[in-house]
Amino acid sequence: MRLLRSSTCAVRQYIFVDLDTREADVIDPVLDYKTASGTLSTIAADILLKFVKEKELNVPMDFVKSFDIFLKDEEEFSLSSNITGKVIHLPGHTPDHTGYMVGKAIFTWDSIFMPDLGSARADFPGGDAKDLFASITRLLSLPQDYQLFVGHDYPVGRQHDCMATVGVHQTKNKHGGFGTTESQFIQFREARDKVSGAPRLLQPSLQVNIRAGKLPPASNGRVWLKTPTKLTNPNIAL
Ligand SMILES: [Fe+2]
């Protein structure tokens, strides 16, 4: 379970279902976090559980350690007794970013956004605009009817959405569509990222995501999420 769901941006959680066996896999579940009160809740996760219960699905449960298995690029893994998925390494937004490909569906998370939003920032630790361009190019080299399911959506003037085909991205993706050169993309992405402030939930999210969704160990009877402080003037600390 990852941390963070903010109110301004749709954060997608997906349930993959094998309709023959009713086995299901939850992809990218999130916790809800309120910064001001420091409250963590399971509003989004409860919606998933309700769906699983209503549809009488069996979610394979093998969550023992933080990371149960480590997968290499192109490695396959089983989603149900009959269906396998494939991991695709899509670095750029973060260095360890991955997509999951199941048939013609690819769950891309922040490797690409809906065509009118284009791409995610590449200035997080280990992020890289050149890598991101290569990852987007890799996705857009797939057959045109493949479907890219995104992790976020925050449009102005239209409904939140979650999927566009490779063909639509090829012609319409605002940042990385066909015709965009690597240097154009890098130049645009770096300039844009320089003026974007840090996301509001970056610090708490990092501390939970790096533990694969587990919270830091409690101390003094409470769980603490820390906020590193940058001193712009060293005299502040005197
Ligand atoms: Fe992200």
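**View 1. The buried residues of α2.** In this predicted model, α2 has Ala129, Leu132, Phe133, Ser135, Ile136, Leu139 and Leu140 as buried residues. They sit on the same side of α2, because the arc they cover around the axis is only 165 degrees.

**View 2. The start and span of α2.** Here a side-chain oxygen of Asp128 comes to within 3.1 Å of the backbone nitrogen of Lys130.

**View 3. Ser119 and its partners.** Ser119 belongs to the loop between β10 and α2. Is it buried or exposed? Ser119 has a relative accessible area of 4%, so it counts as buried. Its side chain makes a polar contact of 2.8 Å with the side chain of His175, and another polar contact, also 2.8 Å, joins it to the side chain of Arg189. Beyond its neighbours within four places in sequence, Ser119 also touches residues including Leu132 and Ile136, both of them among the buried residues of α2.

**View 4. The iron ion.** Which protein atoms hold on here? The donors are His93 (NE2) and Asp110 (OD), at 1.9 to 2.3 Å from the iron ion. His93 comes from the loop between β8 (84-89) and β9 (98-102), and Asp110 from the loop between β10 (105-109) and α2 (129-140), so the pair ties together parts 17 residues apart in sequence. Both His93 and Asp110 are buried.

Definitions and conventions: Residues are numbered from 1 along each chain as its sequence is written. This is a predicted model: local features need pLDDT of at least 70, side-chain atom pairs count only at pLDDT 80 or more; totals for chains, interfaces and linings use all residues. Side-chain values use heavy atoms; hydrogens and water are left out. Donors are N, O and S atoms within 2.8 Å of the metal (3.2 Å for Na, K and Ca); water is not among the atoms, so sites may look incomplete. Helices (H or I, at least four residues) and strands (E, at least two) are DSSP runs, numbered from the N terminus. Buried means under 20% relative accessible area, exposed over 50%, partly exposed in between (1.4 Å probe, protein chains only). A polar contact is a pair of N or O atoms within 3.5 Å; within protein, one must be able to donate a hydrogen and the other to accept it, and residues adjacent in sequence count only if both atoms are side-chain atoms. Contact means heavy atoms within 4.5 Å. The arc is that of the directions from the helix axis to the C-beta atoms.
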